[in-house]
Amino acid sequence: MSISSRFSVGIHILTLIEINKTGINSSEFLASSVNTNPAVIRKIIGMLKNAGLVNVRPGIAGAQLAKELSEISLLDVYKAVNVVADKELFSVHDNPSPDCPVGRNIQDAVIPIFSIAQTAMEKALSNVTIEDVVKDIIDKEKIK
């Protein structure tokens, strides 16, 4: 299983809103870039709005960033789009056999390791901002 694509779509939406800041960032426009249905975009924009990352106005097409690019980390996006519940990136199978030494101990052996791994990943995401993503795309495309 992989992390929900809502994460990468959320990053895509925020990045495109910035790069197209002089245009109208309607769900149809954003969906054309993501190559998905506008309803998917509206759902994710709603999540980003609830997290305070974008502003939208009812009845008016377009979304705008609610914070400076440098203030929006990838961890903010990850949390906004409910990729996984807190400390649940890795799941451990339920009900291993208590009659087996591995079954009796596997959860206690791997859960701390999984927790450390998730914490490390979240720390890495907190060190990258939407500004970093925008700059990378601008550099690649030579956008002014």
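Colleague: Which residues in helix 1 and helix 6 meet?

Modeller: This is a predicted model, and in it Ile 11, Leu 14, Thr 15, Glu 18 and Ile 19 of helix 1 meet Ile 130, Val 133, Val 134 and Ile 137 of helix 6. By class, these residues divide into 7 nonpolar, 1 polar and 1 charged.

Colleague: At roughly what angle do helix 1 and helix 3 cross?

Modeller: The axes of helix 1 and helix 3 (residues 38–50) cross at roughly 80° and come within 10 Å. Angles of 65 to 115 degrees count as roughly perpendicular, so helix 1 is roughly perpendicular to helix 3. On the helix 1 side, the contact is made by Arg 6, Val 9, Gly 10, Ile 13 and Leu 14. Helix 3 contributes Ile 41, Ile 44, Ile 45, Met 47 and Leu 48. The classes here are 8 nonpolar, 1 polar and 1 charged.

Colleague: Are helix 1 and helix 2 oblique or parallel to each other?

Modeller: The axes of helix 1 (residues 6–19) and helix 2 (residues 27–34) cross at roughly 120° and come within 10 Å. Helix 1 and helix 2 are therefore oblique to each other. Their crossing is right-handed.

Colleague: Which residues of helix 1 and helix 2 meet?

Modeller: From helix 1 come Val 9, His 12, Ile 13, Leu 16 and Ile 17, and from helix 2 come Phe 29, Leu 30, Ser 33 and Val 34. This contact has 7 nonpolar, 2 polar and no charged residues.

Colleague: Now the empty space. What does rolling a probe over the atoms show?

Modeller: A probe the size of a water molecule, rolled over the atoms, shows where empty space is left. In this model, the largest pocket has a volume of about 250 Å³.

Colleague: How many residues line the largest pocket, and which lie nearest its centre?

Modeller: The lining has 15 residues, and Gly 23, Asn 25, Gly 62, Ala 63 and Gln 64 are nearest the centre. By class, the lining has 7 nonpolar, 5 polar and 3 charged residues.

Colleague: Which strand gives the most to the lining of the largest pocket?

Modeller: Strand 2 does, with 6 residues. Helix 1, strand 1 (54–57) and strand 2 (60–65) each supply at least two residues of the lining.

Conventions: Residues are numbered from 1 along each chain as its sequence is written. This is a predicted model: local features need pLDDT of at least 70, side-chain atom pairs count only at pLDDT 80 or more; totals for chains, interfaces and linings use all residues. Side-chain values use heavy atoms; hydrogens and water are left out. Axes are lines fitted to C-alpha atoms, for helices over the stretch in contact, and angles run from 0 to 180 degrees between N-to-C directions. Helices (H or I, at least four residues) and strands (E, at least two) are DSSP runs, numbered from the N terminus. Angles under 35 degrees count as roughly parallel, over 145 as roughly antiparallel, 65 to 115 as roughly perpendicular and the rest as oblique. A crossing is left-handed if the near helix is turned anticlockwise from the far one by less than a right angle, and right-handed if clockwise. Contact means heavy atoms within 4.5 Å. Ala, Val, Leu, Ile, Met, Phe, Trp, Tyr, Cys and Pro count as nonpolar, Asp, Glu, Lys and Arg as charged, and the others, Gly among them, as polar. On a 1 Å grid over the protein atoms alone, a cavity is a set of points where a 1.4 Å probe fits but cannot get out, and a pocket is an open set with protein on both sides within 12 Å along at least five of seven lines; lining residues have an atom within 4 Å of a point. Grid points are joined across faces, edges and corners, and a volume is the space filled by probe spheres set on the points.
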